[in-house]
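Reader: I am new to this structure and would like to learn how to read its features one at a time. Please show it to me before we start.

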Amino acid sequence: EEVVTRMFLPRNKSSSISSSNSEEMKSYASGLMWAFLDYSNLWRAGLSWSIFFLLNVGVPLVSHLVFSCSGCDPNHQRPYDAIVQIFLSSFASVSFISLSSFGHRYGLRKFLFLDKLSHESETVRDGYSQQIQRSLKLLSAFVLPCSLAEAAYKIWWFSSVGDGGIPYFYSRLLTKLVVCLLLISSWVYRIAIGYLVCILFRLTCHLQLLRLNEFTDLFQKQSDVTAILAEHLRIRRNLRVISHRFRLFILSTLVLVSVSQFVFLLVTTEPKSQVSISTAGELALCSVTLVTGLFICLRSAAKITHKALSVASFAAKWHACATINTFDEEDDDGDETTTTTAAITSARLRFSAPSDEDEDNMFVPASVSWNSESYQKRQALVKYLEHNRAGITVYGFMLDRSWLHTIFVIQLSFTLWILNKTIGIS
């Protein structure tokens, strides 16, 4: 427990994380230690890799070769089992190798930016602690329905298949029971490993969202352009670090999911294909699993990129309001009408920070003194934010909404092309 605490919790003793939250975070870390491969212990690393090869390679391979059931009735045949096992195991392999690389290079504490969390504000620490606890619930919410559906299918298949359809050792009932449990465990293990990396990517992106929300408050609290620029450079560097860590995983997942969907569509639209719930149920479940994992990554990347890009627009509003307010303050020495007009103008210049939780959070920028140097600093900051776009990138390509639209158009074009070749839809 002390190892988990030292690895997972911030070193700052004044952290605002409560004791109850600490216990949940310790449990979270304990559950991830096997997947992240604690290289300080060779036995644990070997056990993790052994379980990976057993459930991700050995069990699916033996299941396909021994329990293919080619002589069974049409409802119990598995014509798409090979491609389902290949793509699901490939997704789990990409995820497991990524987890191994993250654990070997950074460790869990550094990978989740917990080593620097003590330098953040109390609001950011509390928000990140809540997201860490919520990530466990999200992982369960994605894994549990797929696992229950697969378990129901396997129980039905082994309970209704004939005794002559599959080989057995010592006892037919015992063989079916052991093989069914191994296949269900293999399925749950693979989708859990795949979803885990996607959830961790979402978690690290959410930390930057909390920092960006904190960053927009700087425009209200102070007028020091240097401090604002330094904070933005720190956030931009963190986004670049996240992009560098996950770029290979995101690209590999995108290619893998795209290829899998095209193959699934091709084999199910052939004239002689046997498509039913019993024969293609696992195919549909595998397709949903892969697409959902990719959706989590792309949605998180697009959300943080959109938030980071909106900072430039927010800074331009701040610069305009600060400039106009200084001129209104100079006109306060005029008549009563001028003073009233300045007050009305100042009230109308209130603008809201770009926040997903509260779009009506109105405030005015921090008061600044009018001089040429202050104006030029604000102008330089706005120009910098406009020409230095921050966000999640994959080998230089910004993962924003325009990039997602491009992916959708390409996928739709390939889908229509395949349908034209198979069933004649153009």
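Author: A word on terms comes before the details: helices of at least four residues and strands of at least two are DSSP runs, numbered from the N terminus. The model shown here is predicted.

Reader: Between which helices does Leu114 lie?

Author: Leu114 sits in the loop that runs between helix H5 (107-111) and helix H6 (122-160).

Reader: Is Leu114 buried or exposed?

Author: The cut-off for buried is under 20% relative accessible area. Leu114 has 0% relative accessibility, so it counts as buried.

Reader: Where is Tyr395 placed, and what is its phi?

Author: Tyr395 is found in the loop between strand S3 (393-394) and strand S4 (397-398). Its phi is near 55°, a positive value in a residue other than glycine. Tyr395 is partly exposed, because its relative accessible area is 43%.

Reader: Which residues does the "transmembrane region" annotation cover?

Author: That annotation comes from an unreviewed UniProt entry, and it covers residues 42-62, 82-102, 138-156, 176-201, 246-267, 279-298 and 402-419. Such annotations may be inferred rather than shown by experiment.

Reader: How much helix is there over residues 42-62, and how much over residues 138-156?

Author: Residues 42-62 are 100% helix and 0% strand, with 28 Å between the end C-alpha atoms. For residues 138-156 the figures are 100% helix and 0% strand, and the end C-alpha atoms are 28 Å apart.

Reader: How many aromatic pairs does a search of the whole structure find?

Author: The search finds 14 aromatic pairs. One of them joins Phe52 and Phe53, and this pair is edge-to-face, at 5.3 Å centre to centre and 65° between the planes. Phe52 is buried, with a relative accessible area of 4%, whereas Phe53 is partly exposed, with a relative accessible area of 47%.

Reader: What kind of pair do Phe102 and Phe111 form?

Author: Phe102 and Phe111 are stacked: their centres are 4.6 Å apart and the angle between the planes is 20°. Planes under 30 degrees apart count as stacked, so the 20° angle puts this pair in that class. Phe102 counts as buried at 4% relative accessibility, and Phe111 is buried with a relative accessible area of 1%.

Reader: Which residues do ring pairs link into a cluster?

Author: The cluster consists of Trp49, Phe52, Phe53 and Phe96, linked by ring pairs.

Reader: Which residues line the largest cavity?

Author: Its lining is made of Arg202, Cys205, His206, Leu209, Arg299, Ser300 and Lys303. By class, the lining has two nonpolar, two polar and three charged residues. Helix H7 (172-216) and helix H10 (277-330) each supply at least two residues of the lining, and H7 gives the most, with four residues.

Reader: How far does H7 reach?

Author: H7 has 45 residues and spans 66 Å from its first C-alpha to its last, close to the 66 Å expected at 1.5 Å a residue. Of the 45 residues of H7, 34 are buried, so this helix is largely enclosed by the rest of the structure.

Reader: What is the volume of the largest pocket, and which residues lie nearest its centre?

Author: The largest pocket has a volume of about 510 Å³. It is lined by 17 residues, and Val291, Leu294, Ile407, Phe408 and Gln411 lie nearest its centre. Helix H9 (225-268), H10 and helix H13 (401-422) are the elements that give two or more residues to this lining. The lining divides into 12 nonpolar residues, four polar and one charged.

Conventions:
Residues are numbered from 1 along each chain as its sequence is written. This is a predicted model: local features need pLDDT of at least 70, side-chain atom pairs count only at pLDDT 80 or more; totals for chains, interfaces and linings use all residues. Side-chain values use heavy atoms; hydrogens and water are left out. Buried means under 20% relative accessible area, exposed over 50%, partly exposed in between (1.4 Å probe, protein chains only). On a 1 Å grid over the protein atoms alone, a cavity is a set of points where a 1.4 Å probe fits but cannot get out, and a pocket is an open set with protein on both sides within 12 Å along at least five of seven lines; lining residues have an atom within 4 Å of a point. Ala, Val, Leu, Ile, Met, Phe, Trp, Tyr, Cys and Pro count as nonpolar, Asp, Glu, Lys and Arg as charged, and the others, Gly among them, as polar. The expected span of a helix is 1.5 Å times one less than its number of residues. Rings of Phe, Tyr and Trp (its six-membered ring) pair if their centres lie within 6.5 Å; planes under 30 degrees apart count as stacked, over 60 as edge-to-face and the rest as tilted. Grid points are joined across faces, edges and corners, and a volume is the space filled by probe spheres set on the points.
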